[in-house]
Amino acid sequence: MRIAMIGSGYVGLVSGACFADFGHDVVCVDTDIAKVEALRQGEIPIYEPGLSSIVTVNAAAGRLVFTTDLTAAVSQAEIVFIAVGTPSRRGDGHADLSFVYAAARDVAEALDGFTVVVTKSTVPVGTGDEVERIMRGANPEADFAVVSNPEFLREGSAIEDFRRPDRIVVGTGDQRARTLMAQVYRPLYLNEAPIMFTSRRSAELTKYAANAFLAMKIAFINEMADLCERAGANVQDVARGMGLDKRIGPKFLNAGPGYGGSCFPKDTVALVKTGQDHDVPLRLVETTVAVNDHRKRSMSRKVIAAMGGDVRGKTIAVLGLTFKPNTDDLREAPSLAIIQALEDAGARIRTFDPKGMDAARELLPGVTFCEDAYDAATGASGVVIVTEWNAFRSLDLPRLKVLMATPVLVDLRNIYRRKEVEAEGFHYESVGTLA
Ligand code: UGA
């Protein structure tokens, strides 16, 4: 099949490369000439495990090309995916749909023959109707169907998620579109990934509901972690005991410093706004947003308490800056709020992150960027693990202790066992476990 992917950012690039890998002919379009040039040279603008080799292989095979020429790409395509950004609109938290609408207009003008136009970007319920209206206005003669096909990829494991999805959700009432969408995903549902067809509005809302539910699960376990600390219980045992109930499931029950990233924070706020627009208050989602915002900063109080209640003039090593491992993404990362609060309390910060330091340099001007975890810990009165990179999972604790001013380890991802760390002579704090 011939596919045009509008927007070669995270979602567009991963999806485009993976569709090409299925054997489809994919043209990835972007307005950023420098980005398109770089992609043509095989340079990948984001860090995503496995992506570079898929791009290289499929580009070499001629199945994956990059262009700024939207008109040519769309006129030859049977399916056009719109995968441009939907950031939070400044001021009110609504999703900013200007990029989606602009793409819809351009696509409409370039259509040639029946084409399925798919919104892959995360867009509020009802956006497909507006996209269709805009397209009709821009090109009344065009023959097309607008479909919603949200993506559920996680950064850091996006290729794996694309190849082995839990489900594929396709929202359309158009039979021709349904047939083409089934064809484009054929290699996946042959592998038994369920493909479900719904109305367009249901598909749009499914994406927000799924993200909000996952965010709520995290906020819930984080509140339980606080309770465990006060009540003398262990949140990991509680989470395991809960998760073994198949109705709950074991995933997304890891207590930590709060969720970050480009999706959960933005999508939960946007869903609250959608609820308000429809006069349906979404109190659980509102509370999730508030609980998570509070959590990020409150983690700094935990660090300060672990270091004796005062960090003025002390050096603290922060290990991990990205919002989660295997990404270079710092958007809404808990590390940013924690570092800010520790600096406000008078601490000096040394840090190391395997992939996030380039992006962090601009955001964190007062921080010292180090070679590795040991370099960061040198002279520190405490080490704080904020992101659970594998590189931090088996630190040489005796070596760390020698380098530090005082041996304090605050493990905000619960990747160490208290007994082991304390046996090495450290004061150890984790999340939701006291003993
Ligand atoms: C999330 C969803 O998981 C994807 O399904 C969705 O497609 C994507 O948003 C999106 O809307 O595009 P992502 O933001 O890449 O994916 O990352 P997650 O793995 O979901 O992690 C989000 C945050 O939750 C991270 O900060 C992570 O550290 C935190 N988290 C996750 C926890 O604190 N505890 C957990 O148990 C799980």
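**Figure 1. Contacts of Thr86 in the predicted model.** In this predicted model, Thr86 is in contact with Ala95, Asp96, Leu97, Val100, Ser121, Thr122 and Val123, leaving aside its neighbours within four places in sequence. Thr86 lies in the loop between strand 4 (79-82) and helix 5 (98-110). Thr86 counts as buried because it has 22 C-beta neighbours inside 10 Å, and the cut-off for a buried residue is 20 or more.

**Figure 2. Surroundings of Thr122.** The loop between strand 5 (115-119) and helix 6 (127-138) holds Thr122. With 22 other C-beta atoms within 10 Å, Thr122 is buried. When neighbours within four places in sequence are left aside, the contacts of Thr122 are Thr86, Pro150, Lys207 and Asp267.

Figure 3. Arg154 is in the loop between strand 6 and helix 7 (158-163). Arg154 is partly exposed, with 14 other C-beta atoms within 10 Å. Lys324, in the loop between strand 9 (315-319) and helix 14 (334-344), is buried, with 20 other C-beta atoms within 10 Å. Not counting residues up to four places away in sequence, Lys324 touches Gly156, Gly261 and Thr387.

**Figure 4. The shell around the ligand.** Of the 21 residues around the ligand, those that come nearest are Glu155, Asn254, Tyr259, Gly261 and Cys263. Helix 10 and helix 12 (264-277) are the elements that give two or more residues to this shell. Helix 10 gives the most, with 3 residues. By class, the shell has 10 nonpolar, 6 polar and 5 charged residues. Because domain 1 (2-198) and domain 2 (199-435) both give residues to the shell, the ligand lies between them.

**Figure 5. The contact between domain 1 and domain 2.** The domain assignment of the chain gives domain 1 (2-198) and domain 2 (199-435). Their C-alpha centres lie 32 Å apart. In the contact, 28 residues come from domain 1 and 24 residues from domain 2. On the side of domain 1 that touches domain 2, helix 6, strand 6 (144-148) and strand 7 (168-171) each supply at least two residues. Strand 7 gives the most to that side, with 3 residues. The residues of that side divide into 12 nonpolar, 14 polar and 2 charged.

**Figure 6. The largest nonpolar core.** Within this core of 131 residues, Ile6, Val80, Ile82, Val107, Leu319 and Val384 touch the most other members. Helix 10 (residues 200-231) gives the most to the core, with 12 residues. The core draws at least three residues from each of domain 1 (2-198) and domain 2 (199-435). In soluble globular proteins, nonpolar side chains tend to be buried together. For Val384, the contacts are Val303, Ile316, Ala317, Val318, Leu319, Val410 and Leu412, leaving aside its neighbours within four places in sequence.

Note on methods. Residues are numbered from 1 along each chain as its sequence is written. This is a predicted model: local features need pLDDT of at least 70, side-chain atom pairs count only at pLDDT 80 or more; totals for chains, interfaces and linings use all residues. Helices (H or I, at least four residues) and strands (E, at least two) are DSSP runs, numbered from the N terminus. A residue is buried if 20 or more other C-beta atoms lie within 10 Å of its own, exposed if 12 or fewer, and partly exposed in between; C-beta atoms are placed from the backbone. Two residues are in contact if their C-beta atoms, placed from the backbone, lie within 7 Å. A nonpolar core is a set of buried Ala, Val, Leu, Ile, Met, Phe, Trp, Tyr and Cys residues joined through C-beta atoms within 7 Å. Domain bounds come from an automatic or database domain assignment. A residue is near a molecule or strand if its C-beta atom, placed from the backbone, lies within 6 Å of it. Ala, Val, Leu, Ile, Met, Phe, Trp, Tyr, Cys and Pro count as nonpolar, Asp, Glu, Lys and Arg as charged, and the others, Gly among them, as polar.
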